[in-house]
Amino acid sequence: MLLKSLDSLERKPAKSIDTEIYLWTIKSAIEYKLGELRESEASSINVLKMMDSSEESGWMNFARIRTYNILGILKKELVEYEKSLKYYRKVLTLTDDPAYLAGVYGNIGLVYTKLEEYNLAISHYEKALNLSENLDKPELTARFLDDLGHAESMLDLSNAESTLLNSLKIRDSLDLKEGEIYSHLHLSEHYFRNEDKSKALFHSENALQIAQESKLIPLELSALENLLKLEDERATQRFAFLSDSLKRVEQSSSNKFAEIRYGVALKEREAEQLRTKNRYYFLIFSTIIIVVVFTSILIYNRSRQRNKIAVMNESINTEKRISARMHDEIANDLYHTMLGLQKVVPENESLLNNLDHIYNRVRDISRDNSPLDPDSNFSKDLEDLFIAYKNSEVNILTLNLGKMDWSKLKAHEKTNLYRVLQELLTNMKKHSGATHVVFMFSQNDDTIKISYQDNGMGSDILKGNGLLNIKNRIKSIDGSVTFESEKGHGFKAAIIL
């Protein structure tokens, strides 16, 4: 009933402006809790519009503070940090309540932390900390100490460790499980940056244990991700399981909410039909205009680039023809020769095996040198590659693949990178006996980093044409690659483009 009332606010305003503003603030809060950030933002902006056209009162001031605060939170989560700061600063001009001010200063500190402006973050955390200590709210004090210690750690300040430990001590005394997890995670990151792996591992494991006992799956995933950085194989398996589980839960929640929305929409469809019809005609007209303009621009651009595209297509077609002829002519001729030799010299098994080996090599070379489709989704191509090598015996896990922007790589660079990752997986299948493989992708400005790690048998000596091919391919696209391996400790590769 509440959801139906909130959804119909735009069509049926409340009798009182105060009531209407109150309901819209509730609607914004519910939408935020459900993860509908843009819808929550729109509802909050509507609240501000209604207040601007209404007479100011004590209630209006409170509603304005609350609305600016939630807009600050929304803009931070939408990665619009400057707008987030703008709304938080508006709150500071509207209230002198120490509790509100402490929270806002702390939130401003979080935004500056996201912006990596750690000195500004520290100054705001210190203001929040002073206010919270006067309020006698140790849970707030612990939160601001943790955030302050994290910022100090990022600047490599000497007091960062003691600040973080002090926060953990308070949270432990108050039995604040979620807070304890964040404290352990920040301490783990601090020690990891300072190359104290044993302490980093200790705090990551503590964070994982508390998260598991408290059934806080998102925080458990954060702890597992920390352990992955510390090369914990058990964490790899659990991380993969929880990632899949969390995706299913999120999808289920989304579906349930969609069903509720659908049920409300059915009851109000008749009243909406006239407005929908008008919007439909406007949309058709707008679409026609957009299509005409877009088509004109597209024709113009394609006309300018016709020669360039023709050259690129000819190069791609040449590669395809060479690959096809190797497969269709040389490989097939070898295969027919093998069949003839089986009749003439069936006892010469060694000769037949050699010819079979040559046939497979020609076929593999044909496949490996076939260029990728330059218009394909490269992330999807890589996903398909990993799936092809994944089975009941080998689990392949990828981290951050979906966040990568491959648009700056040229077609031949993508092809070479694809073949390198394929070569790594082929070597793994043939030689390592690995059961777990992890690919970790990261991107910073124009630099792409890819790390590979498996739990195979490893080797004291790195040799073979496969690794030489990898080095040559990466070198040809101005990249670098390093290998690391030791018997019984798996194989690692690090690629930088």
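Tutor: Happy to! Of the 497 residues in the protein chain, 39% count as buried, meaning under 20% relative accessible area with a 1.4 Å probe and protein chains only. Please keep in mind that this is a predicted model, where local features need pLDDT of at least 70, side-chain atom pairs count only at pLDDT 80 or more, and totals for chains, interfaces and linings use all residues. Residues are numbered from 1 along each chain as its sequence is written, and side-chain values use heavy atoms, with hydrogens and water left out.

The chain has 19 helices and 5 strands, taken as DSSP runs (H or I, at least four residues, for helices; E, at least two, for strands) and numbered from the N terminus. A nonpolar core here is a set of buried Ala, Val, Leu, Ile, Met, Phe, Trp, Tyr and Cys residues joined through side-chain atoms within 4.5 Å. The largest one has 39 residues, and Ile21, Met51, Ile108 and Phe144 have the most contacts inside it. Two or more residues of this core come from each of α2 (17–33), α3 (37–52), α4 (58–77), α5 (81–94), α6 (98–114), α7 (118–135) and α8 (138–154). Another core, of 35 residues, lies apart from it, with Met404, Ala434, Phe439 and Ile470 among its members.

Zooming in on Ile108, its partners are Leu85, Tyr88, Leu92 and His124, leaving aside residues up to four places away in sequence; contact means heavy atoms within 4.5 Å. Across the protein chain, 58% of the contacts with a separation of 6 or more join residues 24 or more positions apart.

Note on methods. Buried < 20%, exposed > 50% of the residue type's maximum accessible area, 1.4 Å probe, protein only.
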